[in-house]
Amino acid sequence: MVSLTAPYVSGFLAFREVPFLLELVRQLQEKEPDLMPQVLLVDGNGVLHHRGFGMACHLGVLTDLPCIGVAKKLLQVDGLENNALHKEKLSGTCTEQLLTNSLLSR
């Protein structure tokens, strides 16, 4: 179990949680280097953070591993909207692109 010493401040999650995640990655690298992942999925934003550099980016820079931010909610970022009209426009778009992508049909 991890005891967090810093309070939660919206937009600054990385400063609270990355030190613990970094320590876990370092321990894994020392004790079981064969189990080191090639990429990390991070429960937080990456470049879609409203400051352009979220928790996934912080962890990626510090570990030198590619990190993908998998946030629970969409932040309001340069043209991305989290509203019904935006969701209606996107409905089915990703699925249609995947099904028609020539790379997947190979």
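Of the 106 residues in the protein, 23% are buried (under 20% relative accessible area with a 1.4 Å probe, protein chains only). The model is predicted, so local features need pLDDT of at least 70 and side-chain atom pairs pLDDT 80 or more, while totals for chains, interfaces and linings use all residues. Residues are numbered from 1 along each chain as its sequence is written, and side-chain values use heavy atoms, without hydrogens and water.

Four helices and two strands form the secondary structure, in the order α-β-α-β-α-α from the N terminus. These are DSSP runs, with helices (H or I) of at least four residues and strands (E) of at least two. Among contacts (heavy atoms within 4.5 Å) between residues at least 6 apart in sequence, 57% join residues at least 24 apart.

Helix α1 has 19 residues and spans 27 Å from its first C-alpha to its last, close to the 27 Å expected at 1.5 Å a residue (1.5 Å times one less than the number of residues). At Pro19, α1 bends by about 30°, the angle between axes fitted to the seven residues ending there and the seven starting there. Ala14, Arg16, Val18, Leu22 and Val25 of α1 are buried, and the buried residues of this helix pack against β1 and α2.

α1 (13–31), β1 (40–42) and α2 (55–63) are also the elements that give two or more residues to the lining of the largest pocket. The largest contribution, seven residues, comes from α1.

Definitions and conventions
Buried means under 20% relative accessible area, exposed over 50%, partly exposed in between (1.4 Å probe, protein chains only).
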